[in-house]
Amino acid sequence: MSIENLSANKVFGGWNKQYSHQSTTLNCKMRFAIYLPPQVSSGQKVPVLYWLSGLTCTDENFMQKAGAQRIAAELGIAIVAPDTSPRGEGVADDEGYDLGQGAGFYVNATQAPWDSHYRMYDYVVNELPELIEASFPVTDKRSISGHSMGGHGALTIAMLNPSRYLSMSAFSPICNPITVPWGKKAFTAYLGNQKEAWRKHDASELMREAKHFLPAKVDQGGADDFLDEQLKPEVLEAAAKASDYPLELTIHEGYDHSYYFISSFIEEHLRFHANYLAK
């Protein structure tokens, strides 16, 4: 597994780095960012928080805008942020911002032309952690978080793989994608018309039927323009009540869908995950 270092910036005593590698899962070159806290310089291995970003984002948005490195350095947590989809010449795309490159939705596509590259679920769950754990001084203790489309990905991936993660969180996640425009468009394209396949990637459906619980934290802005049509946190909250899922869901009045919101509460999320990564 060879990786190429593209950039390195020292921050809060650690290093924010960007790498590329050839992905066998996605059949294209992929890019990811990693923050390595200062503890690794003394030979210490650290746990990892995986961050999944939203529509139109890359590996760079969270690392540059969220302001997470200061707290990650204090807590001794590495952060890994992959790109949001396969990219490059020959990779299928769409004119819309909500499908194709930049909009992988963290599922394994089964429909042409998407199925030859769009396997973001397998990439995030298997290939990327294997690469990270083989290439950097990190442990196999993992938590996962994300925003919007990435919040959907973080919650569904964690609930489908509860033995691989110690905790999960999300900002403004797409909570019930099988009922909203973003989800219907993406799932129809990537997964076809079999609605049962959609349900396996819907956080509310998974939480309602869950038998294995992970600590879960969700924050949502009350002034989010996408709140009612696309995100539907009330459906996730109802699902959690139905299964007694340990979900901490908070609506923050006045906050929108942007990284201003994420940067305001990212410290709370990192400390939440640290409680479980330190065990």
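Which side chain does arginine 271 meet in a salt bridge? Please start there and then carry on to whatever else deserves a look.

Modeller: Happy to! One thing to keep in mind is that this is a predicted model. The side chain of arginine 271 meets that of glutamate 74 in a salt bridge, with 3.0 Å from N to O. This pair links distant parts of the chain, since arginine 271 sits in helix 10 (residues 259-277) and glutamate 74 in helix 2 (residues 69-75), 197 residues apart. Arginine 271 has a relative accessibility of 31%, so it counts as partly exposed. Glutamate 74 is partly exposed as well, because its relative accessible area is 48%.

Arginine 271 has another partner. Glutamate 267 also forms a salt bridge with arginine 271, and the closest N and O atoms there are 3.0 Å apart. Here both residues belong to helix 10, with four residues, about one turn of the helix, between their positions. Glutamate 267 is partly exposed, at a relative accessible area of 30%. Elsewhere, salt bridges with shared partners tie Glu196, Arg199, Glu205, Arg208 and Glu209 into one network.

In total, the count comes to 16 salt bridges. One of them joins lysine 217 to aspartate 219, where the closest N and O atoms are 3.5 Å apart. Both ends of this one are out of the solvent: lysine 217 counts as buried because its relative accessibility is 4%, and aspartate 219 counts as buried because its value is 0%.

Now compare lysine 232, in the loop between helix 8 (227-231) and helix 9 (233-243). Lysine 232 is buried but has no salt bridge, and the nearest side chain of opposite charge, glutamate 234, is 4.5 Å away. That distance is outside the 4 Å limit for a salt bridge. What the side chain of lysine 232 does have is a polar atom 3.0 Å from the backbone oxygen of aspartate 228. Not counting residues up to four places away in sequence, lysine 232 touches Cys175, Thr179, Val180 and Leu227.

Glutamine 230 is worth a look next, and its place is in helix 8. It counts as buried because its relative accessibility is 6%. Its side chain reaches the backbone nitrogen of tryptophan 182 at 3.0 Å. Beyond its neighbours within four places in sequence, glutamine 230 is in contact with Ile174, Val180, Pro181 and Trp182.

That leads us to helix 5 (residues 181-191), where Trp182, Gly183, Ala186, Phe187, Ala189, Tyr190 and Leu191 are buried. These residues cover an arc of only 165° around the axis, so they lie on the same side of helix 5. Their cover includes helix 4 (149-160), helix 6 (195-199) and helix 8 (227-231). After helix 5 comes glycine 192, which has a positive phi, near 85°.

Helix 3 (residues 120-135) has a feature of another kind. There is a kink of about 35° at glutamate 127, shortly before proline 129. Both glutamate 127 and proline 129 are among the buried residues of helix 3.

Let me finish with arginine 31, which you will find in strand 3 (residues 28-36). Arginine 31 is partly exposed, at a relative accessible area of 26%. Its side chain is joined to that of aspartate 59 by a polar contact of 2.7 Å. Between arginine 31 and tyrosine 19 there are 12 residues in sequence and 5.6 Å in space, C-alpha to C-alpha. Tyrosine 19 is also one of the residues that arginine 31 contacts, leaving aside neighbours within four places in sequence. The rest of that set consists of Leu6, Gln18, Ser20, Thr58, Asp59, Glu60, Pro82 and Asp83.

How values were computed
Residues are numbered from 1 along each chain as its sequence is written. This is a predicted model: local features need pLDDT of at least 70, side-chain atom pairs count only at pLDDT 80 or more; totals for chains, interfaces and linings use all residues. Side-chain values use heavy atoms; hydrogens and water are left out. Buried means under 20% relative accessible area, exposed over 50%, partly exposed in between (1.4 Å probe, protein chains only). Helices (H or I, at least four residues) and strands (E, at least two) are DSSP runs, numbered from the N terminus. The arc is that of the directions from the helix axis to the C-beta atoms. Contact means heavy atoms within 4.5 Å. The bend at a residue is the angle between axes fitted to the seven residues ending there and the seven starting there. Lys and Arg count as positive and Asp and Glu as negative; His and the chain ends are not counted. A polar contact is a pair of N or O atoms within 3.5 Å; within protein, one must be able to donate a hydrogen and the other to accept it, and residues adjacent in sequence count only if both atoms are side-chain atoms.
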